[in-house]
Amino acid sequence: MRDEDLILRIREHPGGFGLNGTYHSTAMFIAGYDFARSGGVLRGFHEWLSVRAGELSSQHWIRRVLLEVIPDLRFQGFEQLRLTPEQEKESVDHLLSSVLEFLAVREDLRELPRMYSAYHSLISSVYDCDEKSE
């Protein structure tokens, strides 16, 4: 099964994968799937999120994607995360859409190098600024 197919099936039938429709369960499932595939599913996802946002970040993708949907959320771990049903749905939809969008880039032999080039430009702009200020 292709990675895209799995994400589409999760979107259509989350209960079939033991998911309860929450951001936490969905993000943990995707993280576990990525781990089981030796990090190959989401390799480049962090960089892609940076390029999409136009800024570098050290935040883990789980937190970063959630904050794209709810920017004013004070995320202090899943134990304390309390989202409304609407926020849960919007967050899960955004996560799955983001992963699908990234997977399309990852599979495109033209787009993937462009993404990494854009990421390199982001990094270079930070380091070039550091060197100029010295």
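Author: Gladly! Let's start with a definition: a residue is buried under 20% relative accessible area, exposed over 50%, and partly exposed in between. Please keep in mind that this is a predicted model.

Reader: Then why is Phe17 called partly exposed?

Author: Phe17 has a relative accessible area of 27%.

Reader: What makes the pair of Phe17 and Phe29 edge-to-face?

Author: In general, a pair of aromatic rings is described by the distance of the centres and the angle of the planes. Rings pair if their centres lie within 6.5 Å, and planes over 60 degrees apart count as edge-to-face. By this rule the model has seven aromatic pairs. For Phe17 and Phe29 the centres are 5.8 Å apart and the planes are at 70°, so the pair is edge-to-face.

Reader: Which parts does that pair tie together?

Author: Phe17 sits in the loop between helix H1 (3-12) and H2, while Phe29 belongs to helix H2, so the pair ties together parts that are 12 residues apart in sequence. Phe45 and Trp61 form an edge-to-face pair as well, with 5.7 Å centre to centre and 70° between the planes. Here Phe45 is in helix H3 and Trp61 in helix H4 (residues 61-69), so parts 16 residues apart in sequence are tied together.

Reader: Are Phe45 and Trp61 buried or exposed?

Author: Both Phe45 and Trp61 are buried. Ring pairs also link Phe45 and Trp61 with Trp48 and Phe102 into a cluster.

Reader: Which residues have the most contacts inside the largest nonpolar core?

Author: They are Ile7, Tyr23, Ile30, Phe45, Trp61, Leu95 and Val99, in a core of 31 residues. H1, H2, H3, H4 and helix H5 (85-107) each supply at least two residues of this core, and H5 gives the most, with eight. Leaving aside residues up to four places away in sequence, Val99 touches Ile7, Ile30, Leu42 and Phe45.

Reader: How do you know that Ser38 counts as exposed?

Author: Its relative accessibility is 63%. The cut-off for exposed is over 50%, so Ser38 counts as exposed. Ser38 lies in the loop between helix H2 (23-36) and helix H3 (45-53).

Reader: What phi does Ser38 have?

Author: Ser38 has a positive phi of about 60°, although it is not a glycine. Most residues other than glycine have a negative phi.

Methods. Residues numbered from 1 in each chain as written. Predicted model: local features only at pLDDT ≥ 70, side-chain atom pairs only at ≥ 80, totals over all residues. Heavy atoms only, no water. Helix = DSSP H or I, 4+ residues; strand = E, 2+ residues; numbered from the N terminus. Buried < 20%, exposed > 50% of the residue type's maximum accessible area, 1.4 Å probe, protein only. Phe/Tyr/Trp six-rings, centres within 6.5 Å; stacked < 30°, edge-to-face > 60°. Core = buried A, V, L, I, M, F, W, Y, C linked by side-chain atoms within 4.5 Å. Contact = heavy atoms within 4.5 Å.
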